[in-house]
Amino acid sequence: MLRKMIDTNLLVYALMEGYPATAVCDEFLRRVSEKKLLITTPLTPFEIFYVLWRIYGLNRKRAF
């Protein structure tokens, strides 16, 4: 199976509600995941949490 490395920003944008790029990023992830195995680094969940919490100001519990 082909593999595709996914950047944290793409995942963050797909997770956010009401962000202009959310629909496009979500659709891209769905399309690519049908054909390829999506991979990240072990640090990606921590990066996503940090960006949602500290950069975008989401409540810590909601960001987690």
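User: What makes up the largest nonpolar core here?

Analyst: In this predicted model, the largest nonpolar core has eleven residues: Ile6, Leu10, Leu11, Val12, Ala14, Met16, Cys25, Leu29, Ile48, Val51 and Leu52. To be called a core, such residues must be buried and joined through side-chain atoms within 4.5 Å. As a general rule, nonpolar side chains in soluble globular proteins tend to be buried together.

User: Which residues of α1 are buried, and what do they pack against?

Analyst: Thr8, Leu10, Leu11, Val12 and Ala14 are the buried ones in α1. They pack against α2 and α3.

User: Why is threonine 44 called buried?

Analyst: The cut-off for buried is under 20% relative accessible area. Threonine 44 comes in at 5%, so it counts as buried. Threonine 44 sits in helix α3 and touches Thr8 and Leu11, leaving aside residues up to four places away in sequence.

User: How do you know that the length of α2 agrees with what a helix should span?

Analyst: Take 1.5 Å a residue: the 14 residues of α2 should span 20 Å, and the end C-alpha atoms are 21 Å apart, so the two agree.

User: What puts the buried residues of α2 on the same side?

Analyst: The buried ones are Thr22, Cys25, Leu29 and Val32. They cover an arc of only 115° around the axis, so they lie on the same side of α2. Ala23, Val24, Arg30, Glu34 and Lys35 are exposed on the other side of α2. The cover over the buried residues of α2 includes β1 (3-5), α1 and β2 (37-39). Take cysteine 25: it touches Leu10, Tyr13 and Ala14, again not counting residues up to four places away in sequence.

User: Why is the pairing of aspartate 26 and arginine 30 called a salt bridge?

Analyst: The limit is 4 Å between a side-chain nitrogen of Lys or Arg and a carboxyl oxygen of Asp or Glu. For aspartate 26 and arginine 30 the N to O distance is 3.0 Å, and their side chains meet in a salt bridge. The structure holds one salt bridge. Aspartate 26 and arginine 30 are four residues apart in helix α2, so about one helical turn separates them.

User: Why does aspartate 26 count as partly exposed?

Analyst: Buried would need under 20% and exposed over 50%. Aspartate 26 has 26% relative accessibility, so it counts as partly exposed.

Definitions and conventions. Residues numbered from 1 in each chain as written. Predicted model: local features only at pLDDT ≥ 70, side-chain atom pairs only at ≥ 80, totals over all residues. Heavy atoms only, no water. Buried < 20%, exposed > 50% of the residue type's maximum accessible area, 1.4 Å probe, protein only. Contact = heavy atoms within 4.5 Å. Helix = DSSP H or I, 4+ residues; strand = E, 2+ residues; numbered from the N terminus. Expected span 1.5 Å × (residues − 1). Arc of directions from axis to C-beta.
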